[in-house]
Amino acid sequence: MALFRIARRTRLAPAETWRRLTDWERHGDSVPLTRVTVHTPPPSDTGTVLVARTGLGPLGFDDRMEITRWQPPTGAGPGVCRLEKRGRTVTGWAEIEVGRAGAGSYVVWREDLRVRGLPRALDGLTARAGRVVFGRAVRVLLRDRTP
């Protein structure tokens, strides 16, 4: 497995940081050639299923995920969302943690990613690519969108 970690701080309050990072469809705005669809009715919670389709036309793959832990941040502690990757091509898990940091919040994104068919010798490269792609996703999702 290719394990990686992304840590960021933002001026946004924890509730707003959480809302933006768990707006699943918006993840496709920051990951090239990817569209995310939620396959269960809102709101997100344990059991929510989503699929990130990456590809061009008929060429691509699905990253099917299920939320197995849904604990939004509260004044008493950080929030944690855990997604189990259950696709035929992509397996592993991802955890998004959001907590208070001064007047804003912190984010820790941990992911253990495996792409079926790729040799383990490429795990380091897979982890580096994951850090780049999901680091950009976090940056875009938390970007200030006020005019």
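Residues are numbered from 1 along each chain as its sequence is written, and side-chain values use heavy atoms, with hydrogens and water left out. Because the model is predicted, local features need pLDDT of at least 70 and side-chain atom pairs count only at pLDDT 80 or more, whereas totals for chains, interfaces and linings use all residues.

The protein contains two helices and seven strands, assigned as DSSP runs (H or I, at least four residues, for helices; E, at least two, for strands; numbered from the N terminus). Their order from the N terminus is β-α-β-β-β-β-β-β-α. The C-alpha atoms fill a box of roughly 45 × 35 × 35 Å along the principal axes.

Of the 147 residues, 47% are buried, that is, under 20% relative accessible area with a 1.4 Å probe and protein chains only. Among contacts (heavy atoms within 4.5 Å) with a separation of 6 or more, 46% are accounted for by residues 24 or more positions apart.

Thr22 lies in the loop between helix H1 (14-21) and strand E2 (34-38). Thr22 has a relative accessible area of 11% and is therefore buried. The side chain of Thr22 reaches the backbone oxygen of Trp18 at 2.7 Å, a polar contact (a pair of N or O atoms within 3.5 Å; within protein, one must be able to donate a hydrogen and the other to accept it, and residues adjacent in sequence count only if both atoms are side-chain atoms). With residues up to four places away in sequence not counted, Thr22 touches Ser44 and Trp70.

Conventions
Buried < 20%, exposed > 50% of the residue type's maximum accessible area, 1.4 Å probe, protein only.
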